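Have the structure open while you read.

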Amino acid sequence: MRNWAVLVAGGRGTRMGLAENKTFVPLLGVPMLALSLRALLDSGVLDGVTVVVGSGERLRAESLVAGMGPCLPVSVIEGGADRQASVWNGLVNLPLDVELVAVHDAARPLVTRTVIQACLASAREFGSGVAAVPLKDTVKRVDANRTVRGTLSRDELRAVQTPQAFRASLLREAHERALHDGRRATDDAALVEAMGVAVRLVDGDYENIKLTTLEDIIVAEVMLTRGGTFPSGFPFRIGHGYDVHALVEDRSLILCGVRIPHERGLLGYSDADVAAHAICDALLGAAGLGDIGRHFPDSDPAYAGADSLMLLAEAVRKTADAGYVVGNADVTIVAQRPRLTDFMPEMRDNLARALGVAQEAVNVKATTTEGLGFEGDGQGISAHAVVLILQSRISPFTSKKGRDE
Ligand code: MG
């Protein structure tokens with residue numbers, strides 16, 4: 001007797017402004033569908049998965065499955081006109097000896113092993129196990145004029161998720177009856193309920209969100225980067241930057257956008273912010289976009305006296321256009337004098353704003369060279385930087401309407 005999952009992946013990306021199936025959208029570079037499938041395969045309680053995709057998407061899904069390497073049996077079939085029809089297609093294509101079946105939406109890639117196991121365990125004991133969480137919001141009943149007609153008791157309400165696991169024979173019968181009676185429902189539990197069979201809920205997970213809008217993608221990517229569900233083959237890139245400018249009289253000393261009182265300043269075509277330049281080069285390097293000289297040539301009068309933080313912000317936009325968001329940045333300023341410690345909070349703040357990241361994602365350090373070399377004898381200041389960038393289809397700089405996906 002075997003346990004199987006039907007992974008429903010026919011999701012249109014309409015509410016994400018996408019023309020394509022949203023389950024192919026990558027989260028940190030890994031397609032949503034692959035993450036959901038991986039979660040099921042790694043659950044330890046399933047013997048195989050049937051993936052149901054939209055019409056014309058089978059080959060694409062199969063190549064995605066092939067790219068995941070050796071795993072449990074996974075078959076890909078095309079679904080029907082709506083979710084219910086797609087689940088039905090999955091059910092009729094199950095191996096005959098399947099005892100328990102868990103239906104899962106590929107748009108919930110953050111599902112945990114614990115939740116999957118709980119659903120299957122409940123289905124084994126009670127015939128059904130449906131993931132659900134208590135509501136956080138108070139729910140009102142309203143009429144067509146948006147007038148409140150009542151407040152529902154939160155204690156009696158649950159938000160239902162997937163997986164929804166059932167004895168395979170029970171779910172098949174529920175779908176057959178629904179087909180016969182012309183009943184439509186947005187989840188499988190409702191079809192079983194309609195048979196008068198009690199449906200058992202198990203603890204879902206608030207992180208097991210259904211990715212519906214672009215905001216959900218951002219939230220999911222954040223959860224993936226900090227959670228234990230970090231995808232393998234994670235596509236991040238790293239870049240290094242190095243820059244030097246000479247210290248001369250009659251120039252302002254500007255480092256990370258902060259004007260620092262000193263008897264000399266850095267010489268350069270722009271404001272000569274050596275630290276910002278090093279970060280800019282690290283960022284462009286990580287994105288494979290060349291260097292600062294290529295994007296902001298000093299032959300271009302537009303950059304005479306330029307605020308280097310503006311150049312940095314522009315480099316962030318170019319990086320975003322290339323499909324990456326900034327993860328973190330670390331810069332070391334090499335200067336014998338002046339002491340920079342007091343200016344570091346402001347430097348960090350400036351960089352975080354230019355890079356579009358939290359302050360915690362930016363680190364500024366300074367060192368002397370113990371009097372050695374050109375930095376040591378005050379001829380110049382140098383800076384080294386490293387920047388990590390993360391692949392993302394969701395650019396913070398692209399308007400939702402303008403998105404071309
Ligand atoms: Mg420079």
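Which strands does helix α11 lie across, and at what angle does helix α11 run to β17? Helix α11 (residues 344-355) lies across β16 and β17, at about 140° to β17. This is a predicted model, so local features need pLDDT of at least 70 and side-chain atom pairs pLDDT 80 or more, while totals for chains, interfaces and linings use all residues. Numbering starts from 1 along each chain as its sequence is written, and side-chain values use heavy atoms, leaving out hydrogens and water.

Helices (H or I, at least four residues) and strands (E, at least two) are DSSP runs numbered from the N terminus. The open sheet has five strands in the order β15-β12-β18-β16-β17, with mixed pairing; pairing takes at least two DSSP bridges. β15 and β17 are the edge strands, each pairing on one side only. Helix α8 (residues 274-286) packs on this sheet, touching β12, β15, β16 and β18, where contact means heavy atoms within 4.5 Å.

Here are some of the strands:

| Strand | Residues |
|---|---|
| β12 | 236-248 |
| β18 | 380-391 |
| β15 | 265-266 |
| β17 | 362-367 |

β12 and β18 run antiparallel, joined by eleven bridges, and G239 stands opposite V387 in β18.

Over to a helix pair: α3 (residues 83-92) and α5 (residues 168-181) pack at about 130°, with axes 10 Å apart. Axes are lines fitted to C-alpha atoms, for helices over the stretch in contact, and angles run from 0 to 180 degrees between N-to-C directions. Q84, V87, W88 and L91 in α3 meet residues of α5 including L171 and H175.
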